[in-house]
Amino acid sequence: MVKVGIIGAAGFTGAELMRLIQSHPAFELHVATSDSQVGKTIASTNPTFIGLGEMCFSAHDDARLFECDAVFLAVPHTVSLDFTPSLLSKGISVFDLSADYRLQNAEVYEQWYGKAHTSVDLLASAVFGLPELKRAELLGAQARFAEGEAVLVACAGCYPTASSLAAYPALAAGMVAPPIIIDAISGITGAGKAASERTHFCFANENLEAYNIGAHRHTPEIEQILGLEGKLVFSPHLAPLNRGLLATVYLPLAQSAKTFGGLDGITECYRDFYRDALFVEVLAAKILPRTASVVKSNRAHIGLALQESTNTLVAVAAIDNLCKGASGQAIQCANIVFGFAEDAGLEAPACYV
């Protein structure tokens, strides 16, 4: 068994990690930390885990973290900077769910997150954790790990995951004439466990709103993945859902797109691109995905439509923001690095209702 730890286990993504690890054939949860819940049993704060043992939350400085083979960081942005260097120095691989090591340029990170990056030296070796688009890098990390090196995987964010999966095949095929527009809608859990005026039930219920247009921190991450610096309009929205994320990407087509033979040909292009992707399903042409079809799973559904009057491809991706958009993706990345089956612990389909 592989001993794993979770720093920030009491939050939404931390709890999702614990849920997935419970059914993983090779991962054993060794320590779960939460500075706000120290000494409390996990089951007492989250009844989902009643009957699964009496493990208690410990503090973030728990020395048992250094007994782990891998540690998942489910902490707010800028916080993982305090933990990652010391864990790596002790030979412990890190799977970071925050944005602290996703952006390759430290100046861009500091611009968007308002804090100086304190371990810039690690950015060059950090692997971006989006398996369907960065498999070669993750396999490189697998090889380094097999040679005894601790590796750092910076797992992609929820909005970038759905948006990039929807847009990347068309961009890679050269059929798009940027800029592109992304409208993305997330459930409330995407904002984290701490309540705010925007996420308080009385304000979020029966309400749909856009926020942080032109200023959302996932913007540079999406631009980096897609190679679209300065050529992206990203509009995030909050919906009264517990879980789920739907990204609608508007891709103006170049003249070269005509060689693909319309929507059917473009759909085949997408299916060929994701041919070996265990968790991505490209739906039939004109069939568009629903968040309800992927909730509580690590799966992504992609649907395509073509608006011929404006020569625009509309690519829509649905994921669960907590699973494929965060914790499930981290497990998927860890499976690859450790050499396990990529879908180990992630085989469960979505919940039908």
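**Figure 1. Secondary structure and overall dimensions of the predicted protein chain.** The protein chain holds 10 helices and 13 strands (DSSP runs numbered from the N terminus: helices are H or I with at least four residues, strands are E with at least two). Residues are numbered from 1 along each chain as its sequence is written, and side-chain values use heavy atoms, with hydrogens and water left out. Because this is a predicted model, local features need pLDDT of at least 70 and side-chain atom pairs count only at pLDDT 80 or more, whereas totals for chains, interfaces and linings use all residues. Along the principal axes, the C-alpha atoms fill a box of roughly 60 × 50 × 40 Å. The radius of gyration of the protein chain is 20 Å, which agrees with the value near 20 Å for a compact globule of 353 residues (taken over C-alpha atoms; the globule rule is 2.2 Å times the number of residues to the power 0.38). Of the 353 residues, 54% count as buried (under 20% relative accessible area, with exposed over 50% and partly exposed in between; 1.4 Å probe, protein chains only).

**Figure 2. Helix α1 and its cover.** Helix α1 spans residues 12-22, and its buried residues are Gly 14, Ala 15, Glu 16, Leu 17, Met 18, Leu 20 and Ile 21. The elements that cover them include strands β1 (2-7), β2 (27-33) and β3 (70-73), together with helices α2 (42-45) and α10 (323-338).

**Figure 3. Surroundings of Arg 102.** Arg 102 sits in the loop between β4 (93-96) and α4 (106-113). Arg 102 counts as buried because its relative accessible area is 4%. Its side chain reaches the backbone oxygen of Leu 97 at 2.7 Å and makes a polar contact with the side chain of Glu 221 at 3.0 Å (a pair of N or O atoms within 3.5 Å; within protein, one must be able to donate a hydrogen and the other to accept it, and residues adjacent in sequence count only if both atoms are side-chain atoms). Leaving aside residues up to four places away in sequence, Arg 102 touches residues including His 77, Phe 128, Cys 155, His 218 and Gln 224 (contact: heavy atoms within 4.5 Å).

**Figure 4. Thr 199 in the loop between β7 and α7.** This loop runs between β7 (180-186) and α7 (201-204). Thr 199 is buried because its relative accessibility is 13%. A polar atom of the Thr 199 side chain lies 2.9 Å from the backbone nitrogen of Ser 196. Not counting residues up to four places away in sequence, Thr 199 touches Ile 188, Ala 191, Ala 194, Ala 204 and Leu 238. Thr 189 is 10 residues from Thr 199 in sequence, with a C-alpha to C-alpha distance of 8.7 Å.
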